[in-house]
Amino acid sequence: MKISFWLIVCGNIALSWAASAQTTPNIIYIMADDLGYADLSCYGRTDYKTPYLDKLAGQGVKFTNAYAAAPLCTPTRTAFMTGRYPARTPVGLKEPLTWSAQDSAVGLTADYHPLPSLLQKAGYQTYLIGKWHLGYRPEFNPLQNGFHEFFGFLGGGIDYTSHTDPKGRNDLWENGTAVLKDGYMTDLLMDKTIEVLKRKHSKPFFISLMFNAPHWPWQARGDKPYPAGADFTSREWKASGSPEIYASMVKAMDEAVGKILQTLDDANLAANTVVIFTSDNGGEKFSDMGGYAKMKTHLWEGGIREPAIIRWPQKITENSLCDQPIITMDFTATILALANAKPHPKFPLDGINILPFVVKKTKVFERTFYWRATQRVQQKAIRKGDWKYLKDEDQEFLFNLASDPHEENNLKEKQKPIFEELKKRYAAWEKTVLKPLPLN
């Protein structure tokens with residue numbers, strides 16, 4: 001009997017580790033959209049509860065130093081699919097990919113050997129359920145990037161009720177065909193995931209479950225669609241919503257996860273399943289960033305710090321905390337490790353396998369991460385160990401995140417050698433990635 005896994009991964013310390021630990025697993029990666037660091041009650045939210053994700057955290061490990069590869073959707077999703085910094089791939093330069101004609105010419109292709117194509121070669125059945133946001137044209141479709149099946153939407157946001165994009169066009173797809181379905185988008189994604197789980201599988205499977213919740217437009221279950229011609233990306237409509245609607249959106253996602261987990265129990269899969277959950281970037285105006293500075297689009301901690309949870313019964317000790325810094329590309333590397341798959345030699349990974357930190361309880365070690373945001377904001381950042389260099393427009397900062405996690409005390413004058421070292425490291429890294437693009 002093959003062992004099942006649900007996975008939101010953390011890296012690649014050694015590809016051989018997974019091979020020695022288990023046979024080929026099934027893998028499911030769950031990503032929320034625009035969920036702030038403390039938007040789950042197990043991370044500190046107090047005005048509503050997320051009992052199913054709280055339970056998941058209690059049954060496994062909760063990460064305190066998990067980062068998105070970028071403060072916006074498209075770059076982070078590029079990083080996950082490629083296992084590399086988003087600025088190494090043209091579509092990752094879009095912050096994010098918009099619905100414009102110019103952006104329609106850009107997308108992820110099989111030339112970059114994305115994760116699902118590598119898993120296909122390793123014998124996996126691959127599914128994308130939910131948000132893509134990596135290209136609109138047929139050559140950029142999930143089916144051209146290694147997914148056997150796709151149910152979801154291509155753009156960056158969708159009306160939860162009518163399933164239309166900001167221009168009023170239907171954006172719900174079953175593989176390569178546009179479809180019309182009734183229902184709240186979060187529930188439709190849940191239903192599809194449950195349907196896939198209930199199938200008989202002759203191969204191990206990889207499910208990438210990409211919720212759009214709690215990304216705007218602000219709509220709860222039962223809400224009417226946005227009016228015809230209403231662009232929900234406009235200031236007028238993004239200014240709508242309320243904390244109560246936002247809470248409903250997060251709770252609907254929590255309930256969906258709970259029903260999916262119940263399906264695993266009913267199918268006697270839970271004991272052999274790893275469940276992983278995270279977000280793609282920081283939250284927006286109704287989010288709780290846990291005291292971290294700023295929000296989505298920014299390279300301050302509030303824009304890139306993420307919740308991340310992994311449950312692996314009999315492998316990960318319940319109620320565990322992990323302080324090891326991790327980043328989006330680690331998820332890719334760990335999935336490949338578990339699948340006994342290797343990255344294409346032309347595209348080496350920027351992530352590591354994080355599971356040894358929570359299974360073997362490997363000692364936390366210092367890591368270095370880089371970020372860049374150049375279209376809607378002009379920011380650069382590097383974290384090395386506890387130190388973080390940040391350039392925000394025309395100002396530069398140095399923070400010690402161990403003593404100052406909320407980035408309130410600028411130490412650039414008191415710690416000049418560290419400040420200069422991090423600036424040099426960042427400049428050297430930036431020479432290894434693609435040049436930024438101007439905003440359309």
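Which residues in H2 meet which residues in H7? In this predicted model, Pro51, Tyr52, Leu53 and Leu56 of H2 are in contact with Asp254, Glu255, Val257, Gly258 and Leu261 of H7. By type, the residues of this contact comprise six nonpolar, one polar and two charged. Two packed helices are described by the angle between their axes and the distance between the axes. For helix H2 (residues 51-58) and helix H7 (residues 243-266), the angle is about 55° and the axes are 7 Å apart. H2 is therefore oblique to H7.

Aromatic rings were examined next. The structure contains 26 aromatic pairs. One of these is formed by Tyr37 and Tyr43, whose ring centres are 5.0 Å apart with 80° between the planes, an edge-to-face arrangement. Tyr37 has 10% relative accessibility and so counts as buried; Tyr43, at 10% relative accessibility, also counts as buried.

A second pair is made by Trp300 and Phe397. The ring centres of Trp300 and Phe397 lie 5.1 Å apart and the planes meet at 65°, so this pair is edge-to-face. Trp300 belongs to the loop between strand E8 (275-279) and helix H8 (301-304), while Phe397 belongs to strand E15 (residues 395-400), so the pair ties together parts that are 97 residues apart in sequence. Trp300 counts as buried because its relative accessibility is 8%, and Phe397 counts as buried at 12%.

Elsewhere, Tyr85, Tyr370, Tyr426 and Trp429 make up one aromatic cluster.

Notes: Residues are numbered from 1 along each chain as its sequence is written. This is a predicted model: local features need pLDDT of at least 70, side-chain atom pairs count only at pLDDT 80 or more; totals for chains, interfaces and linings use all residues. Side-chain values use heavy atoms; hydrogens and water are left out. Axes are lines fitted to C-alpha atoms, for helices over the stretch in contact, and angles run from 0 to 180 degrees between N-to-C directions. Helices (H or I, at least four residues) and strands (E, at least two) are DSSP runs, numbered from the N terminus. Angles under 35 degrees count as roughly parallel, over 145 as roughly antiparallel, 65 to 115 as roughly perpendicular and the rest as oblique. Contact means heavy atoms within 4.5 Å. Ala, Val, Leu, Ile, Met, Phe, Trp, Tyr, Cys and Pro count as nonpolar, Asp, Glu, Lys and Arg as charged, and the others, Gly among them, as polar. Rings of Phe, Tyr and Trp (its six-membered ring) pair if their centres lie within 6.5 Å; planes under 30 degrees apart count as stacked, over 60 as edge-to-face and the rest as tilted. Buried means under 20% relative accessible area, exposed over 50%, partly exposed in between (1.4 Å probe, protein chains only).
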